Amino acid sequence: MHEECGVVGVSFKKESPAALSIYYALYALQHRGQESAGITVHDGVQVRTLKGMGLVPDVFNRGDIQKLKGHVGIGHVRYSTTGGSRIENCQPLLVSFKSGTIAIAHNGNLVNSRDLRTELEKEGRIFLSDSDTEVIAHLLVKELMHNSLEDSVKELIRRLIGSYSLVFLVDNRLVAVRDPLGIKPLCIGRIDNGFVVASESAAIDILSGQLIRDVVPGEMIIFSNGSYESHQLVKSRNAAHCVFEYIYFARPDSIIDGELVYNTRMRIGSTLFEEHPVKANIVSPVPDSGITYAIGFSKKSGIDYMEGLMKNRYIGRTFIMPGQDMRETAVRLKLNTIKPNIEGKSIVLVEDSIVRGTTSRRIIDLMRKSGTKEVHMRVGSPPIISPCYLGIDMATREELIAAHKSVKGVEALINADSLGYISIDGLVKSIGIPEDDLCLGCLTGIYPVEIPGERCGKRQLKLSEF
Ligand code: AMP
């Protein structure tokens, strides 16, 4: 099961209510997960939780937020995936034990959760959900029964293989932990009267806070009584920041591991023109994910930027009946062409990524029906050839179009006049982080952690060695 999520934690010095700030921060992270949302707060004595299926405004109303009393708390939004869409999998997850209660919110995906779960079940632990977060919670509680928080989390890190940016409450202490390779993002900020930790810095901006820094891979930060302390529990030689956060997942206004996502995408757009120049009348994005790339491409090439497609932002979930005509309706419901902008013209169509190829094929089909003369597709991600095991809901290897077809083959399938993907080198340079500190698993098939049946990079430490 994939876990693409957004997490947030807030710790106030005084009795300011944390729930409202968490609620706003979750709004800022809504793009990271639309399936469910939840908030847990602690007032020093009691823990309170509210979570449910749906978008943030569907789950919480004003009265709910007022009832969630507590000056420290965490929140979570979860991504819609094919399996595991159940209320039991909503987070934060609460686990009570002899010495108290922990509440935990997790972004990432464990590779060894099945083994860990089997081991814990043999010890008599009962699981209520099928999420790997519950495995983390049980392991943590098991350690906390006998050890300090620091030693417990150290042991946790030693056991977990995969990606995890965690925020959790141990009584009224807020704790943030990032896996030793820093695969998923996590950063901390200062807000009026306290601190915030969040998947993306855009959530700190929403609270009028200041980004302090990213949580360092392998670091645990404990927030309490208006201050925070850092514990560097393990140190890896390299990081393995997920490139797909820069390509697609994160908001362009977020700064992740020191790089503003917007700038990265602009640079990718510019590099795309250098690597795959083309003569055309206009540069058009696939909205919204292709916009920043298209602006970068337009600036570098001098070709005018003009929108050829308009997205319906209120589409939400809709049902589509089977049949060829309805399929076209489905695309048109989501995207419509601005006919006069594209009719009779040669267009550079810029997209962030091609996964299965279905979206690109349908969009190009739509553009041709609106009279576009030529469609030159440029893609901000190199060909995606391998699945993601570390938290991006991508596709299986069978479904990944570039795993089976050459660039020319994909070009023919999507019916483009030309197709150009950014190179891996070009992508890495555009991100601005050394290649050894990035996870490029979906682009190379070489992963930063051991995954059964897949290749593991030599230069990166295997988490199991900790
Ligand atoms: P496909 O039709 O499978 O080629 O999907 C490509 C489209 O999906 C592009 O418009 C991407 O912006 C978008 N996309 C890429 N990765 C994801 C993801 N993990 N979740 C949802 N959409 C994605």
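1. A polar contact is a pair of N or O atoms within 3.5 Å. The model under discussion is predicted. In it, an oxygen atom of the ligand is 2.8 Å from a polar backbone atom of Val355. Side chains take part as well: an N or O atom of Glu351 is 2.6 Å from a ligand oxygen atom, and one of Tyr248 is 3.0 Å from a ligand nitrogen atom. The protein buries 85% of the 500 Å² that the ligand exposes when taken alone.

2. The ligand is surrounded by 16 residues, the closest being Glu351, Asp352, Arg356, Gly357 and Thr359. Helix H8 (243-249) and helix H13 (358-369) each supply at least two residues of this shell.

3. The chain is divided into domain 1 (2-238) and domain 2 (259-430 + 437-443). Taken over C-alpha atoms, the centres of the two domains are separated by 34 Å.

4. Five strands form an open sheet with parallel pairing, in the order E18-E17-E21-E22-E23. Strands E18 (304-305) and E23 (418-421) are at the edges; each has a single partner strand, so one side of each lacks a neighbour in the sheet. Strand E17 (residues 282-285) pairs with E18 over two bridges in the parallel sense, and Ile282 stands opposite Asp304 in E18.

5. Helix H9 (residues 261-275) packs on this sheet and touches strands E21 (346-351), E22 (374-379) and E23, its direction making about 125 degrees with that of E23. Helix H15 (residues 407-414) lies across E22 and E23 and runs at about 130 degrees to E23.

Definitions and conventions:
Residues are numbered from 1 along each chain as its sequence is written. This is a predicted model: local features need pLDDT of at least 70, side-chain atom pairs count only at pLDDT 80 or more; totals for chains, interfaces and linings use all residues. Side-chain values use heavy atoms; hydrogens and water are left out. Two strands pair if DSSP finds at least two bridges between them. Helices (H or I, at least four residues) and strands (E, at least two) are DSSP runs, numbered from the N terminus. Contact means heavy atoms within 4.5 Å. Axes are lines fitted to C-alpha atoms, for helices over the stretch in contact, and angles run from 0 to 180 degrees between N-to-C directions. Domain bounds come from an automatic or database domain assignment. A residue is near a molecule or strand if one of its heavy atoms lies within 4 Å of it. A polar contact is a pair of N or O atoms within 3.5 Å; within protein, one must be able to donate a hydrogen and the other to accept it, and residues adjacent in sequence count only if both atoms are side-chain atoms. Accessible areas come from the Shrake-Rupley method with a 1.4 Å probe; for residues, only the protein chains shown count as cover.
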